[in-house]
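Here's a quick tour for anyone new to reading protein models. Have a look at the picture first, then we'll walk through it piece by piece.

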Amino acid sequence: MKTIKTISISVLSISILFLAGCPRQLQYQGMLGFPNYPKHTEAEPFTFAVAGDSQGTFTQINKEVLWRVMDDIQFRDSNTAFTVVTGDMIHGSSDSQVAMRAMQEWQEIVTSHFHAPIVPVCGNHEIQTEKTQEVYRQLFGSHVPQNGPEDERGLSYYFDYNRCRFIVIDTAFYGDMYRVRHIDWLENVIKTARPAGVNHIFVFGHIPAWPVAHIKNSLPNAANAINGETSSLDATRRFWNLLKEYRVDAYFCGHEHVYARQNVGGVWQINTCSAGAGLGTINPGYPGTGASQKAKDAFEANKPYYEILGYPTGAGSNGQAGTQFVGASVFNYVLVDVLSSGVRLRMYGVKETDSLGLNFELMDQFELSPVPVK
Ligand SMILES: [Fe+2]
């Protein structure tokens, strides 16, 4: 049954009519920004989506896959509350006019294929110069809560929805990428959640804390660590200890163009991308990747980097930071069901070779969190 709702968005100072429960062939009028609902309503079951990395290989945006991802999300669950997009929406450019046009086009595609808010996370592809960072702030950052650290306003922020706290961190700040730059701000936002009645905490960034393939290219910055410059590694360890200490449910990220989930010391890292970017491969320490000899040789050559981050690399190991690892080199998105019995994650994916049909199917499902602590 079709329903019509009105949501007032104070940041935009406008009201937008949107349709929920529509058949998929309808065009939707979605919105940028965040769901500006009351902070602490009763905890009712709801679903949100996460997708990332829709940049094209030779174009700014892989439109074909992006719009199918957005269509499929609401085809699976027409009441999806919002979608978090974990960065690298466009290929990007050092020319701020080119970057601006690409970001505007991305917004047009997504808001015309999805009915609910889009919660944006900044990626490295959007931020190629200081100017394009400002373009991002203008086009995306102005639609989100302005409650982040002073120099990351519009890039890092948080909001509460249905007794869950959603925290977005910027890991691609121009000139200081691959780092959680404001750990004290993050700690304050996390530690005030439970006393405020929050049941679940979800953190989102673009760059993985625990890379599944590109060992040198992530928050711990193994390339620097191996040379004795361990500030990023130390910051990442502090970041992850914080998530563990306050029982954060999961860290969602993008960047590596695969689906991968693993539990690292009690906290899940969910790498959910790509929504169009050329697919990556998981390191061949994980069995069944079908890795080429070249990839296997690269894994062997990079073992010192894996070892410095504490990854198991011996026989019978999974070559990853955590346990319960499942990964796949597929276009994908995830639906997260926040239920009274806990949190469930569903991953829908499609192989690149099936891209003409793009028939997404359920490829992974697991219980992400137990019953919330009261
Ligand atoms: Fe990236």
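Predicted model: local features only at pLDDT ≥ 70, side-chain atom pairs only at ≥ 80, totals over all residues.

**Around serine 231**
- You'll find serine 231 in helix α6, which covers residues 231-245.
- Proline 220 is 11 residues away from serine 231 in sequence, and the two C-alpha atoms are 8.4 Å apart in space.

**The sheet**
- Seven strands make up an open sheet, and their order is β7-β8-β9-β10-β12-β11-β13, with mixed pairing.
- At the edges sit β7 (157-161) and β13 (323-328), each of which pairs on one side only.
- Going from one strand to the next, the twist averages 15°.
- β11 (residues 259-264) pairs with β13 in the antiparallel sense, over four bridges.
- In that pairing, arginine 261 stands opposite valine 326 of β13.
- Helix α6 packs on the sheet, where it touches β9, β10, β11 and β12 (267-272).
- The direction of α6 makes about 120° with that of β12.

- Strand β9 spans residues 200-204, and five of its five residues are buried.
- In a regular strand, side chains alternate between the two faces of the sheet.
- Here both faces of β9 are covered: His200, Phe202 and Phe204 are buried on one side, and Ile201 and Val203 are buried on the other.
- β8 (residues 164-168) runs parallel to β9, and five bridges join them.
- Valine 168 has phenylalanine 204 in β9 as its bridge partner.
- β10 (residues 250-253) also runs parallel to β9, joined by three bridges.
- Phenylalanine 202 stands opposite alanine 250 in β10.

**Helix α1**
- Helix α1 covers residues 63-76, which makes 14 residues.
- From first C-alpha to last, α1 reaches 20 Å, close to the 20 Å expected at 1.5 Å a residue.
- Its buried residues include Val65, Leu66, Trp67 and Arg68, and also Asp72 and Gln74.
- The buried residues of α1 pack against β4 (46-51), β5 (83-85), α2 (96-111), β14 (331-339) and β15 (342-350).

How values were computed: Residues numbered from 1 in each chain as written. Buried ≥ 20, exposed ≤ 12 C-beta atoms within 10 Å, placed from the backbone. Helix = DSSP H or I, 4+ residues; strand = E, 2+ residues; numbered from the N terminus. Pairing = 2+ DSSP bridges. Expected span 1.5 Å × (residues − 1). Contact = placed C-beta atoms within 7 Å. Axes fitted to C-alpha atoms, helices over the stretch in contact; angles between N-to-C directions.
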